[in-house]
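Visitor: Could we go through the charged contacts and the pockets in this one together? Please keep the definitions in as we go.

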Amino acid sequence: MSTITFEFHGQLLRLAGVSEWALPLAVPATLADVLDQLAAARPELAAALVRCACAIGDRLVLRREPLHGGERIALLPPVAGG
Amino acid sequence: MTNPTDPARIQDRPLQLEPLLAWGLHPQCGGLALFAGTVRDHHDGKQVLRLTYTAYAPLAEKQIRDIEQAVAAKHGVPYLRVLHRVGGLAIGEVAIYCVARAPHRAEAFAACEEAVDRVKHEVPIWKEEFYADGTSAFVEGCCIRPDLDGATPAQPHHHEEQRHARRRA
């Protein structure tokens, strides 16, 4: 059993109160599956997660993409630079 | 900054304008457009004391470079750079610089405006405002999730606030 680590950014960092959260991954699983697991573990984040983009490194990842374990997934809430 | 012509686009120190202007290069360019975004002392009727910008740098760096390239190509602009500051900023400090150099002013202005708009709306950067009444709030902008049902990312562009009403300790 490997793990997936979520990184919280922006306002999500405030909501979560911690900078990251690890979950066990049972393959096969998609990004959507592990986001559902995260929402179940941290229900106060569930509404915000819907509006988050997800990135691994410098690549945006779609909900339907499969995960293999060991990934770090950055959760990116709505942005407001400038 | 190891390479002055290819600086980090996300920087945690005061942004340096002079190297960004690329004087002495691009002799075919007769127009330079510059935008500087500075920290305002108010938002929605509230007095703002300071800001904190944070970014997800791995993607932000790549996206700013992609935006520069796409906007420069669209407008036929030989040189386009956007730098964004992160960390704690005081009122009046520069949060963003955009420089466009082009043969003529029309395309320099157009590229500068479009690049700034796209960086504000598409790049993973967040702004937390700290108010005189002791509260703080994230300025909530644009959802950048590429696969959200029934929604087009980067729209709409009006910025609401998400209040957390945190008290300063």
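Visitor: Which side chain does E128(B) meet in a salt bridge?

Guide: E128(B) meets R14(A), at 2.7 Å from N to O; a salt bridge here is a side-chain nitrogen of Lys or Arg within 4 Å of a carboxyl oxygen of Asp or Glu. Bear in mind that this is a predicted model, in which local features need pLDDT of at least 70 and side-chain atom pairs count only at pLDDT 80 or more, while totals for chains, interfaces and linings use all residues. Side-chain values use heavy atoms, with hydrogens and water left out, residues are numbered from 1 along each chain as its sequence is written, and chains are lettered from A and ligands numbered from 1 in the order in which they are written.

Visitor: Why does that pair join two chains?

Guide: Because E128(B) lies in strand β8 (residues 125-131) of chain B, whereas R14(A) lies in helix α1 (residues 11-16) of chain A. Helices (H or I, at least four residues) and strands (E, at least two) are DSSP runs, numbered from the N terminus.

Visitor: Is E128(B) buried or exposed?

Guide: E128(B) is buried, at 4% relative accessible area, while R14(A), at 32%, is partly exposed. Buried means under 20% relative accessible area, exposed over 50%, and partly exposed in between, with a 1.4 Å probe and protein chains only.

Visitor: And what does R72(A) pair with?

Guide: R72(A) forms a salt bridge with E20(A), with 2.7 Å between the closest N and O atoms. This pair links distant parts of the chain, 52 residues apart, with R72(A) in strand β7 (residues 72-76) and E20(A) in strand β2 (residues 20-25) of chain A.

Visitor: Switching to pockets, how much space lies in the largest one?

Guide: About 310 Å³. On a 1 Å grid over the protein atoms alone, a pocket is an open set of points with protein on both sides within 12 Å along at least five of seven lines, and lining residues have an atom within 4 Å of a point. Points are joined across faces, edges and corners, and the volume is the space filled by probe spheres set on them.

Visitor: Which residues are closest to its centre?

Guide: Of the 19 lining residues, G82(A), T38(B), R40(B), K120(B) and K127(B) are closest to the centre of the largest pocket. β2(B) gives the most to that lining, with three residues.

How values were computed:
1 Å grid on protein atoms, 1.4 Å probe; cavity = no way out; pocket = protein on both sides within 12 Å on 5 of 7 lines; lining within 4 Å.
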